[in-house]
Amino acid sequence: MRSRRISYLDKEILKELRLRVEMNDPLYRGLKKLAIRGKDLQAVPHVLFTMMELEVLDLSPARESCLDFRLPLVPPSIGRLINLKVLVLDTNDLYTIPKEISLLQSLERLALGNNYLSSLPHGMDRLSHLRSLHLGNNKFEAFPLELCELQALEFLDLSANLLVAVPCDVSKLVNLKTLLLNYNKIIQLPDSICELTGLECLWLGNNRIKSLPRDFGNLVRLDWGYRYTSSMLENNPLINPPIEICRKGPGKINQYFEDLDAIHTISTPQFEEDEFRANERYSVLGKGEEETDHEMTDVEENQSLSIKITSPTDSE
């Protein structure tokens, strides 16, 4: 009796969930979308994960009035929804993500922002169709290296985390157009970031960056001089180049480094030669002065001795 009753309840819940599926969301027009809100987030029905027809699943509180109800975890059964293209799990109480998420190989957009994540499960590099990944406002201390294998990625948000470095392999993200790294603890950028010539939006503000890579001016699609919101470098201790130059865009940054190279090329060899000759001359002069000082000291001592010897005779 008990198993039949559960089966009946599951069917009723499944029927209700299917009635809530919509296909007219302007953001995902034509896709089968289900959104779970409010109290339902704290006890997501397990039968939901049998709805293999779903293409968009939104398990985010979304509205401020729903923030008291958050998803505490994502069950491994999420891996059954193999037709999902969009999975939204923003603003929950998630500390981990099950490795079964790597089975969602049709996924194009994954939103995990505003959680407590510090790592991602192994196998994320299997999400070969993923174009948009939101990881902002979490607890990442290291840039997840598997993300560098997601070559279809166009949008990556890792803002407001605890990152101190960006891996050299970031250059593998050849289709990346937007990269958000603001509000971290990044000290230095790898030279390889300059290979991401498709970047149109790059936010680096509120970090600890003192110097930009030499070829940073290659990122010509960043129209900083015209649309400053396409970049953000403010609140960094920038020295090379100064923030005043950076605000003028990649063109001016490139010119700054070219001028710097020209100055070094022209002046450095001559400066080094002049410095060597000056040091050599100083060394010779120094020796001469020392000898002169010794001679003067000897003369003074002799004069003093003479005075002491003749003094009694003079007194007589």
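Is N114 buried, exposed or partly exposed? N114 is partly exposed, with a relative accessible area of 34%; buried means under 20% relative accessible area, exposed over 50%, and partly exposed in between (1.4 Å probe, protein chains only).

## Basis of the report

This is a predicted model, in which local features need pLDDT of at least 70 and side-chain atom pairs count only at pLDDT 80 or more, while totals for chains, interfaces and linings use all residues. Residues are numbered from 1 along each chain as its sequence is written, and side-chain values use heavy atoms, with hydrogens and water left out.

## Backbone features

Most residues other than glycine have a negative phi, and most peptide bonds are trans. N114 has a positive phi of about 60° although it is not a glycine. N114 lies in the loop between β4 and β5 (132-134); helices (H or I, at least four residues) and strands (E, at least two) are DSSP runs, numbered from the N terminus.

T91, likewise not a glycine, has a positive phi near 55°. Its place is the loop between β3 (86-88) and β4 (109-111), and at 17% relative accessibility T91 counts as buried. A cis peptide bond, with omega about 0°, joins N240 and P241. P241 belongs to the loop between β9 (231-232) and α2.

## Nonpolar cores

In soluble globular proteins, nonpolar side chains tend to be buried together. A nonpolar core is a set of buried Ala, Val, Leu, Ile, Met, Phe, Trp, Tyr and Cys residues joined through side-chain atoms within 4.5 Å. The largest one has 67 residues, of which L57, L87, F143 and L156 touch the most other members. Helices α1 (2-19), α2 (243-246) and α3 (250-315) each supply at least two residues of this core.

Residues up to four places away in sequence aside, F143 touches C148, L156, L158, L163, A165, V166, P167, V170 and L181; contact means heavy atoms within 4.5 Å. A second, separate core of six residues includes Y28, V56, V86 and A111.

## Cysteines

A disulfide is a covalent bond between the sulfur atoms of two cysteines. In the search, the term denotes a pair of cysteine sulfur atoms within 2.5 Å, and zero disulfides are found in the whole structure. For C148, the nearest cysteine sulfur is that of C168, 9.6 Å away. C148 is buried, with a relative accessible area of 0%, and C246 is buried at 1%.
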